Amino acid sequence: MKRLLPIFAAAVLLGTVLIVPGIVDRWGVDSSTDSLVLEADPEALRYDRNALIFSNDEFVLVGLQRDDLFTPAGVAAVESLHAAFEAITISVVDTATGTTNTVKPIASVWSLARAPVVLLRSFREPISPFAALGKQATATSPEIDLVKARAELIDHELFSGNLISKDGNTAGILVTLRHRPRSVKAMRTRLELYDRRALARDQLADAKDEVARGKAQSDLAQVQVEIDVWWPEWVASEDIRKRERIAALIEIEKIVDQAKADGQKLGRSGVPAIVVDMVKAIDGDFKTFLGLSVAFVFAFLFFVFRRVAWVLLPLCATGATVAWTLFGMQAFDKKVTVITANVPALLLVIRLAHSIHLVVRFRELMVRFPQDSKSERVTRLVSGLVWPCLFTATTTAAGFASLYYAGSRPIIDFGFFMAAGVGLSFFFSFLFLPAGMLLLPVTQEGRLERSARFLSGLGRVSLERKPLVLGLTVVLVALACFGITRLQVEARFLDYFRPSSPIHAGLKYVDQNLGGTSALEIVLDGHDRGAFGAGQTANLDKAAKVVKWLEDREEVGAVMSFPGLIDEFRKLVPTMDRGQAAAALLFQLDPDMLSSYIVTKPATVAGDVVQHTSRLRIVARVRETHPNLKRHELIRDLRAFLAETFPPATEEGAPEAIGAEMTGMFVLYANMLSSLGKTQVKTSGIALLAIWIMLSLLFRNPFAALLALIPNMVPIALVLGAMGWSGIPLDMATVMIASVSLGIGVDCAIHYLFRYREEIGKDGDIRAAIERSHGSIGTSILYTSLTSVVGFVVLVVSEFLPNAYFGLFTAFAMVVALFAMLTLLPVLIALSKPFGAAQRRGLALAASKDALVPVGTSTGEPGSETPPAETDPAETAPEKAPAEAAEPDAPAEAAEPDPPEPDPPSLEPTDADAGASPDA
């Protein structure tokens with residue numbers, strides 16, 4: 001088997017090399033807005049339903065700044081951009097049929113250059129109100145006076161601060177992306193199936209007898225089968241829709257870039273555009289991080305181990321882990337998102353732990369068992385480390401797997417593939433490292449690491465100052481807990497990018513001058529035909545109150561609605577009420593101009609019959625740059641206002657009251673943010689419980705399992721507290737810090753407790769066992785922790801600030817966890833005295849040895865009067881030093897006989913393995 005291991009490793013390495021080109025070719029970050037919403041948010045169905053009734057709110061807002069905007073040249077510039085956006089066509093490949101189709105991905109373009117910006121008060125010659133309405137003139141119409149047009153538009157109910165800035169120097173061009181016919185059909189089918197499933201679930205919950213329950217269960221099973229059969233069609237439709245979105249946004253970006261190259265001043269905003277900017281930042285970060293991570297890790301490993309082989313072998317193992325994890329993502333057709341794009345760099349860094357433990361232990365064994373052949377040494381290495389590493393891999397995977405409960409699909413996928421990558425890293429580490437060690441030439445480079453003396457001293461100092469260590473921990477945790485109470489889940493799109501970046505500047509300018517970035521929709525349902533049509537003054541007045549409430553909120557920019565257009569027309573005829581003005585607009589204007597804000601044609605959506613003018617939509621754009629933006633407060637206040645303005649019918653037989661509901665990307669994103677606080681608690685709690693159970697089974701000692709968790713809970717508390725104190729909110733990246741830190745940090749605790757259990761079994765001396773553990777496994781813990789810190793610190797340079805904060809605070813957590821592991825954990829061990837059975841066996845073993853050894857004779861065990869000297873073969877100095885002074889653990893180990901291979905992970909060592917030296 002040992003002869004076949006290098007051959008198998010070479011075959012796996014060759015396979016890895018062969019799959020890399022395909023991975024590179026298919027690499028690409030998903031640009032859809034799905035990464036900003038919860039996967040199972042019920043509001044998403046309402047959002048899709050309203051998109052089918054009215055239109056979707058996926059738009060890109062382009063701002064053109066000119067001092068001469070209201071001159072023929074300025075209007076021509078707006079017209080040129082308007083025409084360019086309308087003319088966009090793209091080629092999309094249908095994966096189902098393999099055909100390439102040319103489509104127009106733009107649903108509509110609005111600007112002052114063309115309808116539906118209707119100018120009513122800017123004609124050169126006097127004209128009657130109804131004639132003005134019939135003309136449907138725009139700024140490009142020859143009969144329009146541009147000076148008057150400027151005055152009308154900056155005071156326009158719909159377009160001031162929306163398609164024209166308050167100062168009249170910036171024109172907005174609103175480009176709305178279309179829904180493909182296939183996507184619309186798939187969305188309708190999805191809504192119908194989900195409605196049927198919800199109805200079946202309600203019937204099952206309300207079933208009073210076995211017959212009704214059986215029918216409901218049968219109906220539920222039937223509709224679930226239909227959903228499962230139809231689901232591939234939905235996935236294919238969504239895939240084409242997303243690719244069309246990406247292609248359309250790329251074309252919009254080309255037009256904007258060309259205009260900038262021609263000397264125009266432009267800015268760009270809108271949620272799809274922001275997502276594309278995020279993707280561009282992440283894509284650039286990926287190349288930067290991967291290169292920097294490899295370079296830093298290479299330099300760090302070479303600095304520590306001073307041999308190229310000890311650098312290349314770990315990098316081969318982690319490189320294969322990254323490649324096969326990405327291959328799995330592509331095999332499962334999982335798109336790379338702004339979150340899962342971090343998987344390669346993080347796996348490259350954090351999964352070096354197994355390799356570092358193997359290298360450090362191998363060099364240690366070369367000193368302690370110089371008589372071993374390479375094969376025997378590798379066998380001893382693997383048998384001593386395979387079980388601790390298996391359990392550390394399992395607990396780390398559990399930490400990542402807990403992200404399943406995050407609710408956001410990108411975070412769920414991140415957790416799943418990181419957990420899978422952890423498992424692969426265990427396999428590849430124990431494949432490539434032992435195989436490489438069998439092939440390496442025999443050298444005398446074995447060594448006990450120089451850090452052993454310092455680490456042993458640190459353990460000794462910690463034990464001597466128990467009150468100080470415990471007191472400092474309590475004070476820091478108390479401060480952290482107070483900081484956690486200040487932790488926020490409010491995040492602005494603007495805060496995702498550095499203030500110095502062009503993305504930040506463009507978003508800020510357009511958001512402040514052209515009415516906001518993310519859409520908030522209010523849909524009023526009058527149920528009956530004509531509820532918001534001609535003559536329905538009372539209902540329209542109530543709708544106008546909603547518009548006025550939104551306009552009075554400082555966080556809200558542009559508000560677009562049918563009542564707004566009505567009030568603009570009433571400026572010509574003040575004697576008209578809203579019902580009369582509505583009649584004029586519905587009669588005179590093209591229904592397609594109004595269909596985004598009021599139902600102008602009967603429609604049926606998933607069994608829901610919508611009558612003519614029975615529903616009305618108000619669209620507000622929220623200013624993401626506003627310093628006082630508080631999403632949840634705005635949504636809460638608006639819900640309260642709607643409930644007060646449109647109360648439910650109270651009398652039996654009374655007409656059905658007007659329904660009012662909120663939706664839009666603003667609400668969906670707020671729901672995702674709102675879930676982050678619950679996600680943080682849920683994922684952390686699940687990870688803690690799962691890891692505690694696994695450790696309890698591993699050590700057969702629940703209390704020892706708790707000891708492993710405490711030093712890792714402290715850094716998590718400090719990180720979250722620091723975020724609360726500094727005002728950095730939880731977002732879709734930083735919410736993963738706790739689970740990731742816990743999964744990584746607990747590895748060190750497992751290794752340490754394994755080693756301590758073995759060391760206490762040698763002589764029963766707690767202090768000596770801790771010092772020996774610090775001097776041996778402490779070195780591996782130090783190296784692996786510093787490697788993780790280096791890897792996470794690389795993320796700090798990210799253009800996408802959530803990733804930068806994720807890297808910074810996770811690195812901070814690793815540093816705190818390392819310090820807690822080497823100071824707090826030994827104090828807790830000394831106070832709680834775990835592994836009592838191992839300690840009693842150690843005391844008995846020490847007593848038996850003392851009884852057999854004459855006074856003054858060295859045994860090589862701690863406490864002997866004249867310990868033997870031992871030199872480190874890696875040192876170049878010719879003189880010898882006492883082993884106890886140079887390497888605290890060396891005498892005890894050097895005196896040991898060749899130990900038997902340890903059994904699988906027993907929680908309390910037996911007498912047979914008490915003297916063994918498997919790595920803890």
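**View 1. Phe835, tucked into a loop.** At a relative accessible area of 1%, Phe835 counts as buried (buried means under 20% relative accessible area, exposed over 50%, and partly exposed in between, with a 1.4 Å probe and protein chains only). Phe835 sits in the loop that runs between α26 (801–832) and α27 (836–852); helices (H or I, at least four residues) and strands (E, at least two) are DSSP runs, numbered from the N terminus. Its phi is near 55 degrees, a positive value in a residue other than glycine. Most residues other than glycine have a negative phi.

A quick word on what you are looking at: this is a predicted model, where local features need pLDDT of at least 70, side-chain atom pairs count only at pLDDT 80 or more, and totals for chains, interfaces and linings use all residues. Residues are numbered from 1 along each chain as its sequence is written, and side-chain values use heavy atoms, with hydrogens and water left out.

**View 2. Gln136, another loop residue with a positive phi.** Look for Gln136 in the loop between α4 (129–135) and α5 (146–153). Gln136 is not a glycine, yet its phi is positive, at about 50 degrees. Is Gln136 buried, partly exposed or exposed? With a relative accessible area of 24%, Gln136 is partly exposed.

**View 3. An open sheet of four strands.** Follow the strands in the order β4-β5-β1-β6 and you have crossed the whole open sheet, with antiparallel pairing (two strands pair if DSSP finds at least two bridges between them). At the edges stand β4 (106–110) and β6 (265–269); each has a single partner strand, so one side of each is left without a neighbour in the sheet. From one strand to the next, the twist averages 20 degrees (axes are lines fitted to C-alpha atoms, for helices over the stretch in contact, and angles run from 0 to 180 degrees between N-to-C directions).

**View 4. β1 meets β5, with a helix packed on the sheet.** Seven bridges link β1 (residues 59–65) to β5 (residues 170–177) in the antiparallel sense. Val62 stands opposite Ile173 in β5. Helix α3 (residues 72–86) packs on the sheet and touches β1, β4, β5 and β6 (contact means heavy atoms within 4.5 Å). The direction of α3 makes about 10 degrees with that of β5.

**View 5. Ser108 and its neighbours.** Ser108 is part of strand β4, and at 26% relative accessibility it counts as partly exposed. What does Ser108 touch, not counting residues up to four places away in sequence? Its contacts are Leu174, Val175 and Thr176. Glu86 is 22 residues apart from Ser108 along the chain, with 7.2 Å between their C-alpha atoms.

**View 6. Helix α15, with one buried face.** Helix α15 (residues 466–485) has 20 residues, and its end C-alpha atoms are 29 Å apart, which agrees with the 28 Å it should span at 1.5 Å a residue (the expected span is 1.5 Å times one less than the number of residues). Buried in α15 are Val469, Thr473, Ala480 and Gly483. Seen down the axis, the buried residues fall within an arc of 85 degrees, so they line one face of α15 (the arc is that of the directions from the helix axis to the C-beta atoms). They pack against α14 (451–464), α23 (702–726) and α26. On the other side of α15, Pro467, Val474 and Thr485 are exposed.
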